[in-house]
Amino acid sequence: MLTILIRIILVYALLIGTMRLMGKRQIGELQLSELVTTILLSELAAQPITDDQTPLAFAIIPIAVLLSLEVIISFTVTKIPALKPLFDGKPSVLIRRGRLDFDEIGRVRISMEELLCQLRINGISDINQVDYAILEQNGQLSVIPKRAEAPPSAEDMSLKVSEPGIAHAIIVDTKISDYDLKRLGHDRRWLEKRLAHHRVSLDEVFLFTVDDCGREGLIKKPCAHS
Amino acid sequence: MRAFVISLIILSAVLALTVCDCVYVDGRIDALLDICEKLERGSSAMLTDELKSKWQSCRDVISLTTRQTDIERAESAMLSLEHYLDVPTDYNAQLAILVSTLKHIKASHALSLISIF
């Protein structure tokens, strides 16, 4: 039993390391080659954990090879884009300039019901509103509505808007994020001054955010009632 | 780029390790099979001891990349050889099991179409 325990820890650490090296994309949207690798990884990892007759090397060596191949292939494909269709396929344009491409729809074997369902998921109620619909390599449908059907942008309305960027969480539940503070070019002394300006102490802050324009947001911790 | 270089290093290390393992196992099993061949002509306490000590010297390394069932079968046959030294029929039967197991271990490490499929 102790062997299995150690094996689980080793295989778990190996898989975490493998997934980290493969990159963040592996966690969310999977390309074809990544999906294949992920399926194989789970199978390979499970076998030596549950079967103590199998040497751990039977998992470690294939996982190391799969990881290396995956990284080498994705690096090579980035450097030589002509190889990309070979490993990940090509995106399929199902609706082009508002017209359905029946050949392409037939080739990817997607039914009209399925296409309509995907359009609804993308917030499109009428197929006539679509300018382009592209089935991406990871199986997701990208929908670009016709300009006339799209909501007007600030630019369309000739409005001047500032770009606030993103709000960085500087304090979460009284804990200061020095990393975000440093990224904004500030330090703890600046933070102390800002908290004094808001008339709060660190212990009272639940969330304190600062966006790229310097706009601050503060949420105080709820008062404890006994 | 860093992940790419790490992957190349890992792949090279795995390749080197696998080749070393194949060469090591092949060499050790061949040496054991040579002794078995001599034993097939007639049992000998000295050769049996030599076989056992050679097996014990490489057993741990071989077991790193070999299924435990194969290791256990070879181990069991090896122990039985000592036990049946004076009973030729049983001795030969255990020797046949040992030879078959060793050949199976060797085949599972060797690169051939049969071992791949």
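Which residue forms a salt bridge with A:Arg194, and how far apart are the closest N and O atoms? I started with this pair and noted that the model is a predicted one.

**Entry 1: the salt bridge**

I looked up A:Arg194 and found A:Glu216 as the partner, with the closest N and O atoms 2.6 Å apart. I then checked where the two residues sit.

**Entry 2**

I followed strand E8 into its sheet. The sheet is open, has four strands in the order E6-E5-E7-E8 of chain A, and pairs them antiparallel. Its edge strands are E6 (175-176) and E8 (216-220), each of which pairs on one side only. I next looked at helix H8 (residues 188-197) of chain A, which packs on this sheet and touches strands E5 (167-172), E6, E7 and E8. The direction of helix H8 makes about 110° with that of E7(A). Strand E7 (residues 205-211) of chain A is joined to E8(A) by five bridges, and the two run antiparallel. Within that pairing, I noted A:Leu207 opposite A:Ile219 of E8(A).

**Entry 3: the sheet with E1**

I went on to another open sheet of four strands in chain A, with the order E2-E1-E3-E4 and antiparallel pairing. Here I list strand E2 (99-100) and strand E4 (141-145) as the edge strands, each pairing on one side only. Two bridges pair strand E1 (residues 92-96) of chain A with E2(A) in the antiparallel sense. A:Ile95 stands opposite A:Leu100 in E2(A). I found helix H6 (residues 112-121) of chain A packed on this sheet, in touch with E1, E2, strand E3 (130-135) and E4 of chain A. I noted about 65° between the direction of helix H6 and that of E4(A).

**Entry 4: chain A against chain B**

Last, I looked up the interface. In chain A, 16 residues are in contact with 18 residues of chain B. The two chains bury about 1500 Å² between them, with 74% of it on carbon and sulfur atoms. Helix H3 (residues 57-79) of chain A gives the most to the side of chain A that touches chain B, with 10 residues. I sorted that side by class and have 11 nonpolar, four polar and one charged residues.

How values were computed: Residues are numbered from 1 along each chain as its sequence is written. Chains are lettered from A and ligands numbered from 1 in the order in which they are written. This is a predicted model: local features need pLDDT of at least 70, side-chain atom pairs count only at pLDDT 80 or more; totals for chains, interfaces and linings use all residues. Side-chain values use heavy atoms; hydrogens and water are left out. Two strands pair if DSSP finds at least two bridges between them. Contact means heavy atoms within 4.5 Å. Axes are lines fitted to C-alpha atoms, for helices over the stretch in contact, and angles run from 0 to 180 degrees between N-to-C directions. Buried area is the accessible area (1.4 Å probe) that two parts lose on being put together, summed over both. Ala, Val, Leu, Ile, Met, Phe, Trp, Tyr, Cys and Pro count as nonpolar, Asp, Glu, Lys and Arg as charged, and the others, Gly among them, as polar. A salt bridge is a side-chain nitrogen of Lys or Arg within 4 Å of a carboxyl oxygen of Asp or Glu.
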